[in-house]
Amino acid sequence: MDNFTKPKVLVGKKADLMSRLADEVEMGIRMRAAENRGFVLGLATGSTPIPLYQELVRRHREEGLSFQNVITFNLDEYEGLAPDHPKSYHAYMEKHLFGQVDVRPERTFLPLGNYEDESRAAQYYEAKIREFGGIDLQILGIGRDGHIGFNEPGSGRETRTRRVALAEVTREDAASGFGGIENVPTHAMTMGVATILEARRIILIATGEGKREVVQEAINGMVNSAVPATFLQDHSNTAWYLDAAAAG
Ligand code: PGA
């Protein structure tokens, strides 16, 4: 691979990575505000981005960073969990970010977990993203099995927002938070791979040794649906933010 196509990888201390990422978010917000436009931010859940949200909240409180012109779209939600369920990603976002900054609640979107009609819920979500002009910056984590969002192995490049079955390893990783794997939902609603790849810029954050193998595979492996994160190799504006343990 020549330098032009090489994926952009930034390796650093976790706190520094989060601060760089917060800089990118802040720059996007300010740039769009100067144009009198909204900044469309794609958000991830899980343990990895929590320090990013803490840093954004700090900047809001101490430096006056405003989220008034921010529109957010989360990647996914567990099936069957109402927004006020404590283990829902709706509740996670409320706790870690939305409840602590001045984002307008009507401009924070997550896929619905307790939908009645799955295809209507999925289409509604795709339409909302389009209505706001597409995602400017998508923040991603990566699962041990190479999932992005809840696009588990087998998810193709053309997939869009839809209902999916969760992989066993994903449910295992979530088990402690739910008090046992038997309590972890078996399905979820997730943005698709194609939905994610339409973001103008993508930053994937991975920290810790447990992610090392999958990160190597995602960056250097053959692009295919067995490791959905490999599809990011085809996106021209993706950066990988890794701590030393994940970078290997
Ligand atoms: P984690 O999850 O941040 O909790 O490791 C990442 C993911 O599953 O995408």
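Q: Which residues line the largest cavity?
A: A cavity is a space where a probe fits but cannot get out. In this predicted model, the largest cavity is lined by Leu-41, Leu-43, Phe-67, Val-70, Thr-72, Leu-97, Phe-98, Val-101 and Val-103. Two strands, β2 (39-43) and β3 (70-74), each give two or more residues to that lining.

Q: How many cavities of 30 Å³ or more does the structure hold, and how much space lies in the largest cavity?
A: The structure holds one cavity of 30 Å³ or more. The space in the largest cavity is about 30 Å³.

Q: How do the residues of the lining of the largest cavity divide into nonpolar, polar and charged?
A: Eight of them are nonpolar, one is polar and none is charged.

Q: A pocket is open, unlike a cavity. What volume does the largest pocket have, and which residues lie nearest its centre?
A: The volume of the largest pocket is about 880 Å³. Its lining has 36 residues, and those nearest the centre are Thr-45, Gly-46, Ser-47, Tyr-78 and Tyr-89. The elements giving two or more residues to this lining are β4 (76-78), α3 (89-96) and α5 (168-178).

Q: Which element gives the largest share of the lining of the largest pocket?
A: That element is α5, with seven residues.

Q: Where does the ligand sit?
A: A molecule is placed in a pocket if more than half of its atoms lie within 2 Å of the pocket's grid points. Here the ligand sits in the largest pocket.

Q: Which residues surround the ligand?
A: The shell is made of Gly-46, Ser-47, Thr-48, Gly-141, Ile-142, Gly-143, His-147 and Lys-211. By class, this shell has one nonpolar, six polar and one charged residue. Gly-46 and Ser-47 are also among the residues nearest the centre of the largest pocket.

Q: What distances separate the side chains of Thr-48, His-147 and Lys-211 from oxygen atoms of the ligand?
A: To judge such a distance, use the cut-off for a polar contact, a pair of N or O atoms within 3.5 Å. For Thr-48, an N or O atom of the side chain is 2.5 Å from a ligand oxygen. For His-147, the corresponding distance is 2.6 Å. A polar side-chain atom of Lys-211 also lies 2.6 Å from an oxygen atom of the ligand. On its own the ligand has 280 Å² of accessible area, and the protein covers 73% of that.

Q: What volume does the second largest pocket have, and how many residues line it?
A: The second largest pocket has a volume of about 300 Å³. It is lined by 13 residues, with Leu-112, Tyr-115, Arg-120, Ala-121 and Tyr-124 nearest its centre.

Q: Which element gives the most to the lining of the second largest pocket?
A: The answer is α4, with four residues. Both β5 (108-109) and α4 (118-131) supply at least two residues of this lining. Its residues divide into eight nonpolar, two polar and three charged.

Definitions and conventions. Residues are numbered from 1 along each chain as its sequence is written. This is a predicted model: local features need pLDDT of at least 70, side-chain atom pairs count only at pLDDT 80 or more; totals for chains, interfaces and linings use all residues. Side-chain values use heavy atoms; hydrogens and water are left out. On a 1 Å grid over the protein atoms alone, a cavity is a set of points where a 1.4 Å probe fits but cannot get out, and a pocket is an open set with protein on both sides within 12 Å along at least five of seven lines; lining residues have an atom within 4 Å of a point. Grid points are joined across faces, edges and corners, and a volume is the space filled by probe spheres set on the points. Ala, Val, Leu, Ile, Met, Phe, Trp, Tyr, Cys and Pro count as nonpolar, Asp, Glu, Lys and Arg as charged, and the others, Gly among them, as polar. A residue is near a molecule or strand if one of its heavy atoms lies within 4 Å of it. A polar contact is a pair of N or O atoms within 3.5 Å; within protein, one must be able to donate a hydrogen and the other to accept it, and residues adjacent in sequence count only if both atoms are side-chain atoms. Accessible areas come from the Shrake-Rupley method with a 1.4 Å probe; for residues, only the protein chains shown count as cover.
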